[in-house]
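Dear colleague,

I am handing over the structure we spoke about, and below it you will find some notes on what came out of it. Please keep the structure open while you read.

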Amino acid sequence: MKSYWQNYIGGKWLDGVNGGRIAIEDPATAAPFAQIARAEPVDVDRAVQAARECVESRALLDLRPAKRSRMLLEVAAYLRERAAEIGRVLTLESGIQLEEGRAEIESTARYFEYYGGLADKIEGRYIPLGADFVDYTIPEPYGVSAHIVPWNFPPDIAARGMAPALAAGNAVVIKSPELDPLAVTYLAQACEAAGFPPGAVNIVCGYGHDAGAALANHPGVDQIVFTGSVATGRAVAIAAAQRLIPAVLELGGKSAGIVLPDADLEQVAESVKWGIFYFAGQVCSAQSRLLVHRSIHDRTVQRLRDVVAQLSIGPGVENHFLTPVICAQQLARVQELVSSGVAQGATAATGGSRAEGYPGYVMQPTLLVDAAPGMRVMREEIFGPVLSICVFDTLEEAVCIANGTNFGLCAGVYTKDLDKAHWLAARLVAGQVFINQWFVGGVETPFGGSRQSGIGREKGQEAIRSYIRTKNVGMRIVAPRGAWSAPE
């Protein structure tokens, strides 16, 4: 693997104008292993200008949609052929389990396949206004679509917005995360190999406070797509509002699973394993709260303790299940929030602190019992392998606790009673509700939240609507007068 990586702007691989570099660290060893060119505002400006030139030349938009479709499918094929190679890079920079790193690249490819299949099916419609008129709509791309990508699942989340944007004919500028940007650069390689015109795809890596802010505030951007924290999401929303351009925001959550007395505890245990301990809990839609009916609380906690005891912990390159968190700052935040929960009356049934004996940023898998709705661990997004467990007695109480945060991304219900399951699903404030298994769905299912979990929807057919606007064309037909005769 090479030790130095560049940005991709206007169809060229480039260093930063000012020559800066960003060191990329392996979370499992806490040691740097590569560098990438640092993009600053001047580099962001170059990327936006390249995208703007592509838009104004109509180099992408004027292609037959079937051609864009084939190009997107070629991107997917390129990524699948290199899934093992790219997945290993992702493991080294993000800490994810090696098998799951490869699976993430397969998922990334799936976005290009899915939206490649939709690229030639974005259609307008005819509107009947009577015999004297013709009226129809044209779906048009916004133009330059800016994407600010987080450090959890960076190639997957980049593709989640990039693929539908390109399918609709937009040019894209991606600001990759400074902590783990390397796997994202393969998306540019794939698009280059597939024949996308220069400027259609631009990928730059820089810090959020300068490169990210420059992209969000750039006057040449027509739309912003952001995944990240609530605080930064607010800043992005303000930047978009000031220029009156649309924004799609996915800002995380504090998702609750509700366990009813008749639930299959083996199902619950398996869902908890993946819902909060997969990728060390660094998942926007993680199941970070578990609301358990009082009658089965002790049995549930014991079953979860058994799950934790069986978790393999260590570096992702060794295919351990519980891997490090991304960096020292994130580990410190997780530890601080766990400490606050204990100080407020919760008990660490397992874990509760940094795992000893590892050079990297490994947090012990933690079960916090006796959690109460008002605690910080029940209200704030921890983004670590920490599950807060709370007791409830009635369905109404469970709904109240589940909805008692500022978030509304996902929720879940565990029960054999379908009446109760659907009754709860209708009342939970969430963009997605899982029943009897966490993380049901995939590329095909719409994803997004309400409240402070964001605005707009990604994934599924709904996502295409985020990348097109409707133009209406109306015409009055003047009826011919007199006899018609052919020209001489």
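To begin with, how many aromatic pairs does the count come to? In this predicted model, the count comes to ten aromatic pairs.

One of these is formed by Trp151 and Phe383, whose ring centres are 5.5 Å apart and whose planes stand at 85°, so the pair is edge-to-face, the class for planes over 60 degrees apart. This pair links distant parts of the chain, since Trp151 lies in the loop between β7 and α5 (154-167), while Phe383 lies in the loop between α12 (376-379) and β16 (386-392), 232 residues apart. Trp151 counts as buried because its relative accessibility is 18%, and Phe383 likewise counts as buried, at 13%.

Trp274 and Tyr278 also have ring centres 5.5 Å apart, but their planes are at 45°, so this pair is tilted. Here Trp274 is partly exposed, with a relative accessible area of 29%, whereas Tyr278 counts as buried at 14% relative accessibility. Both belong to one aromatic cluster, which is formed by Phe153, Trp274, Tyr278, Phe279 and Phe321.

Finally, please look at helix α7 (residues 208-216), in which Asp210, Ala211, Gly212, Ala214, Leu215 and Ala216 are buried. The elements that cover these buried residues include α1 (41-57), β7 (144-148), β8 (171-176), β10 (223-227) and α8 (230-243).

Terms used: Residues are numbered from 1 along each chain as its sequence is written. This is a predicted model: local features need pLDDT of at least 70, side-chain atom pairs count only at pLDDT 80 or more; totals for chains, interfaces and linings use all residues. Side-chain values use heavy atoms; hydrogens and water are left out. Buried means under 20% relative accessible area, exposed over 50%, partly exposed in between (1.4 Å probe, protein chains only). Helices (H or I, at least four residues) and strands (E, at least two) are DSSP runs, numbered from the N terminus. Contact means heavy atoms within 4.5 Å. Rings of Phe, Tyr and Trp (its six-membered ring) pair if their centres lie within 6.5 Å; planes under 30 degrees apart count as stacked, over 60 as edge-to-face and the rest as tilted.
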